[in-house]
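Dear colleague,

Please find the structure below, handed over for your study. My notes on it follow.

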Amino acid sequence: MTHRLLIPAAAFALCASAAWAAPDAITLGMVLEPPNLDPTAGAAAAIDEVVYANVFEGLTRFGPDGAVLPALAQSWDVSEDGTTYTFHLVTGATFHDGSAFDAEDVKFSLDRARAEDSANAQKALFTGIEAVEVIDPATVRVTLAAPDGALPFKLAWGDAVILAPETAPEAATHPIGTGPFVFADWVQGDHVTLTANPAYWGVKPALATATFRFISDPTAAFAAMMAGDVDAFPNFPAPETLAQFQADPRFKVIVGSTEGETILAMNNRQPPLDNIKVREAIAHAINRQDVIDGAMFGYGTPIGTHFAPHNPDYQDLTALSAYDPEKSKALLAEAGVGDLTLRLALPPPTYARRGGEIIAAQLAQVGIKTEVRNLEWAQWLEQVFKGHDFDLTIVSHTEPADINIYARPDYYFGYGKPEFVALMDQLSAASDPAERSALNHQAEEMIAKDYVNAYLFQLAKTGVANARIEGLWENAPTQANDLSAVHWVD
């Protein structure tokens with residue numbers, strides 16, 4: 001009898017041990033599917049949300065608090081005049097195909113990013129680079145045209161990750177990097193799967209498998225979390241349901257900040273939006289708080305310029321474009337604009353689709369009609385971002401400290417004012433913190449007073465996760481789902 005009892009007890013002990021062992025797989029929900037998987041050849045935030053710090057690494061990287069940290073460069077030296085950076089690379093790192101990482105890969109990646117025919121969406125990050133030289137396999141020298149104290153920051157962007165020349169052409173569909181996770185498969189319309197890199201040069205991840213599932217519908221996202229089909233949704237698209245998750249001990253709600261300036265972007269290059277009075281009229285027609293409450297259920301911070309409120313250099317300029325529909329009507333009359341109809345292109349995110357309905361109604365109250373067209377993300381990138389075929393659109397710019405996009409005359413909203421370009425040139429060359437702050441303040445004020453776009457709110461990071469998951473980022477200093485420290489706890 002005793003012997004019979006010991007066998008089931010042992011089996012029970014083994015089963016219990018297995019049941020309580022921390023899982024090594026995770027499924028994350030994402031609203032948008034990336035159009036490709038090469039962050040050096042695409043503008044979509046969803047690309048970095050899958051591959052940044054997971055598959056691909058740069059010389060530097062952003063930490064969860066926004067700090068610029070060493071990555072494939074373990075350290076760097078800067079010349080006294082600030083024009084030469086010497087990067088000392090990690091040794092022993094390999095790409096996922098087994099090939100060695102070295103200085104030649106760095107030179108290839110930076111030269112590719114700054115080339116005349118570069119497809120990099122953030123090519124401006126690299127325009128200050130005059131030359132990239134290989135000193136030895138573990139040392140690279142980058143020479144700049146002018147001092148730039150922000151170079152390590154720029155090289156931390158997903159657009160600056162390091163690829164190997166032999167695999168870069170296939171990176172869009174089969175990314176091969178040096179990161180802690182290896183690309184496994186992509187079932188388009190459904191998911192991307194990554195697996196742990198057994199040969200990773202750094203600290204090995206706790207997870208063996210990570211699957212990113214694409215669920216754009218808020219109702220479906222809620223159902224997937226409740227059913228356990230998804231373990232975490234770092235950017236949850238149904239903020240109206242967060243209270244239900246907060247009341248359920250199976251889950252935790254993670255609310256933080258992002259770099260996402262959410263704007264009603266205007267096509268400054270074509271009439272009537274080339275008229276500052278029309279743009280100002282649109283800005284005064286919008287009640288930001290109604291948009292935040294109606295589209296985001298209160299999650300979001302009003303902004304009056306393209307700068308994050310958590311940045312030390314932020315200025316609250318919302319008063320310049322305060323809600324004032326009567327002023328909007330007067331400005332439209334002064335501009336001689338009547339019976340105005342504008343095309344409003346809306347990409348898939350909740351903030352855009354729900355916010356677009358509210359803004360269309362607000363514009364109607366001042367006499368501006370809108371033709372609303374819902375676009376899929378690939379359509380938005382092709383038609384709006386690349387083709388500049390739009391009047392108005394709503395999008396959240398999630399790149400860090402990216403006010404310099406307003407210096408690009410060929411950028412989708414078409415500003416590029418020479419005085420603003422000059423400000424950005426000064427900012428790039430400045431290293432003194434007080435001088436940089438003053439220049440940032442001038443830049444914030446210039447675009448706010450020119451009503452380049454209507455500034456809505458800073459996107460909050462509202463995430464939901466299984467209560468046993470640790471290591472997900474609370475804030476989003478860049479557009480990433482860094483899984484390197486994610487793990488399950490008992």
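**Findings**

H284 is in contact (heavy atoms within 4.5 Å) with L320, S321, A322, Y323, D324, P325, K327, S328, L331 and Y451, leaving aside its neighbours within four places in sequence. This is a predicted model, in which local features need pLDDT of at least 70 and side-chain atom pairs count only at pLDDT 80 or more, while totals for chains, interfaces and linings use all residues. Residues are numbered from 1 along each chain as its sequence is written, and side-chain values use heavy atoms, with hydrogens and water left out.

H284 belongs to helix α7 (residues 276–284). Helices (H or I, at least four residues) and strands (E, at least two) are DSSP runs, numbered from the N terminus. With 3% relative accessibility, H284 counts as buried; buried means under 20% relative accessible area, exposed over 50%, and partly exposed in between (1.4 Å probe, protein chains only).

**Nonpolar cores**

A nonpolar core is a set of buried Ala, Val, Leu, Ile, Met, Phe, Trp, Tyr and Cys residues joined through side-chain atoms within 4.5 Å. The largest one has 112 residues, and L264, I282, Y406, Y412 and F420 have the most contacts inside it. Strand β17 (residues 454–466) supplies the largest share of this core, seven residues. A second, separate core of 34 residues includes L72, F126, L151 and I176. In soluble globular proteins, nonpolar side chains tend to be buried together.

**Aromatic residues**

There are 23 aromatic pairs in the structure. Rings of Phe, Tyr and Trp (its six-membered ring) pair if their centres lie within 6.5 Å; planes under 30 degrees apart count as stacked, over 60 as edge-to-face and the rest as tilted. The pair W377 and W380 is stacked, because the ring centres are 5.2 Å apart and the planes are at 0 degrees. These two residues are three apart in helix α11 (residues 377–386), so about one helical turn separates W377 from W380. W377 counts as buried at 11% relative accessibility, and W380 does at 3%.

The pair Y406 and Y415 is edge-to-face, because the ring centres are 6.3 Å apart and the planes are at 75 degrees. Y406 is buried, with a relative accessible area of 0%, and Y415 counts as buried at 13% relative accessibility. One aromatic cluster is formed by W377, W380, F385, F390, Y406, Y411, Y412, F413, Y415 and F420.

In helix α5 (residues 218–227), the buried residues are P218, A221, A224 and M225. They cover an arc of only 120 degrees around the axis, which puts them on the same side of α5; the arc is that of the directions from the helix axis to the C-beta atoms. The exposed residues T219 and A227 are carried on the face of α5 turned away from its buried side. Among the elements that the buried residues of α5 pack against are β12 (251–266), α10 and β17.

Helix α10 (residues 350–364) has 15 residues and should span 21 Å at 1.5 Å a residue, which agrees with the 21 Å between its end C-alpha atoms. The expected span is 1.5 Å times one less than the number of residues in the helix. At G356, α10 bends by about 30 degrees; the bend is the angle between axes fitted to the seven residues ending at a residue and the seven starting there.

Yours sincerely
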